[in-house]
Amino acid sequence: MVDSPLPELERCTHINMAGVVAGAEREVLCFLVAELTPAALESAGGVISDLLERGVLLRFIYLDTNVTSPEVRGFAADLTERGGLARSVPSLPVRLALVDGRAAVVASAAPGRRDEGLIVRSPELLDALGAMFEEHWERATPIHVSAPLESAAGPLTRTAAPISRQEQNLLTLLAHGRRDAEIARTLGVSERSVSRMISGLFERTASSTRFELGVKASRFDWV
């Protein structure tokens with residue numbers, strides 16, 4: 001007996017966004033629209049820790065109003081210190097979690113309807129949701145916690161020599177096999193800037209290839 005294919009669009013009245021995200025293997029893209037209470041952040045922490053430990057790339061877009069909260073800023077700081085990427089915007093159209101480009105959870109951003117939503121598996125709709133995320137990502141502002149690793153308070157991680165948060169994000173993207181054009185789009189810089197940063201890291205690590213740079217970046221605990 002042949003299993004029936006999963007529906008390309010499925011309506012849910014009790015949506016479990018964390019459950020869908022937990023199965024990610026490569027990348028998770030999120031619009032974080034719901035109120036991020038300490039309890040909600042604590043609940044999400046375990047899933048996010050597991051994803052980061054498995055090398056899944058996380059890109060989260062918060063609302064500007066949310067990142068004024070000390071709890072949310074601490075959550076975003078932990079995310080970026082461990083290799084995730086975080087930005088914020090004034091408004092977002094929906095709640096969204098896009099997983100590996102193969103499934104998405106979409107829910108209303110309106111108060112009082114947070115448990116209702118759709119699970120999307122249609123390739124055409126997933127492409128459209130991915131494009132919408134990238135459009136918002138390009139306009140979003142990096143959250144202030146993504147400051148250089150060496151700050152007035154001292155280095156945020158133990159490395160052979162402090163690197164900037166942007167350089168750390170670049171190394172994370174390189175480790176995920178991203179091409180220069182994709183890295184430039186994700187970081188919001190030009191491809192020339194990406195090439196310049198990579199060249200600078202080559203010089204600082206005495207590397208001659210990107211593979212060698214990756215090995216040394218891991219040895220220095222940069223990624």
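Where in the chain is confidence lowest, and where is it highest? Lowest is strand β1 (residues 9-12), at a mean of 66, and highest is β2, at 91. That score is pLDDT, the predictor's confidence in each residue, from 0 to 100.

So much for the opening; now the ground rules. This is a predicted model, where local features need pLDDT of at least 70, side-chain atom pairs count only at pLDDT 80 or more, and totals for chains, interfaces and linings use all residues. Residues are numbered from 1 along each chain as its sequence is written, and side-chain values use heavy atoms, with hydrogens and water left out.

Confidence overall, then. The chain has a mean pLDDT of 78. Of its residues, 82% reach 70 or more. Over residues 145-160 the pLDDT is below 50. Beyond near neighbours in sequence, that stretch still has 30 contacts in the model, a contact being heavy atoms within 4.5 Å. Where pLDDT is low, the predicted coordinates should not be read in detail.

On to strand β2, residues 27-32. Helices (H or I, at least four residues) and strands (E, at least two) are DSSP runs, numbered from the N terminus. In β2, 6 of 6 residues are buried. Buried means under 20% relative accessible area, exposed over 50%, and partly exposed in between, with a 1.4 Å probe and protein chains only. In a regular strand the side chains alternate between the two faces of the sheet. Here both faces are covered. One side carries Glu27, Leu29 and Phe31. The other carries Val28, Cys30 and Leu32.

Which strands pair with β2? Pairing requires at least two DSSP bridges between two strands. β3 runs parallel to β2, joined by 6 bridges. Glu27 stands opposite Leu57 in β3. Strand β5 (residues 94-99) runs antiparallel to β2, with 4 bridges. There, Cys30 stands opposite Ala97.

Stay with Glu27. Its side chain meets that of Arg178 in a salt bridge, at 2.7 Å, N to O. Arg178 lies in the loop between α5 and α6 (180-187) and Glu27 in strand β2, so the pair ties together parts that are 151 residues apart in sequence. Both Arg178 and Glu27 are buried. The term salt bridge needs a side-chain nitrogen of Lys or Arg within 4 Å of a carboxyl oxygen of Asp or Glu. Glu27 and Arg178 also belong to a salt-bridge network with Arg59 and Glu134.

The whole structure has 9 salt bridges. Two others deserve a slide. Arg210 and Asp180 meet at 2.8 Å, N to O. That pair links distant parts of the chain, with Arg210 in helix α8 (residues 210-219) and Asp180 in helix α6, 30 residues apart. Arg210 is partly exposed, at 41% relative accessible area. Asp180 is buried, at 16%. Then Asp100 and Arg102 meet at 3.4 Å, N to O. Asp100 counts as buried because its relative accessibility is 13%. Arg102, at 42%, is partly exposed.

Last, helix α3, residues 70-81. The expected span of a helix is 1.5 Å times one less than its number of residues. For these 12 residues that gives 16 Å, and the end C-alpha atoms are 16 Å apart, so the two agree. Val72, Phe75, Ala76, Ala77, Leu79 and Thr80 are buried in α3. What do the buried residues of α3 pack against? They pack against α2 (38-53), β3 (57-63), β4 (85-89) and α5 (165-175). After α3 comes Gly83, with a positive phi near 105°.
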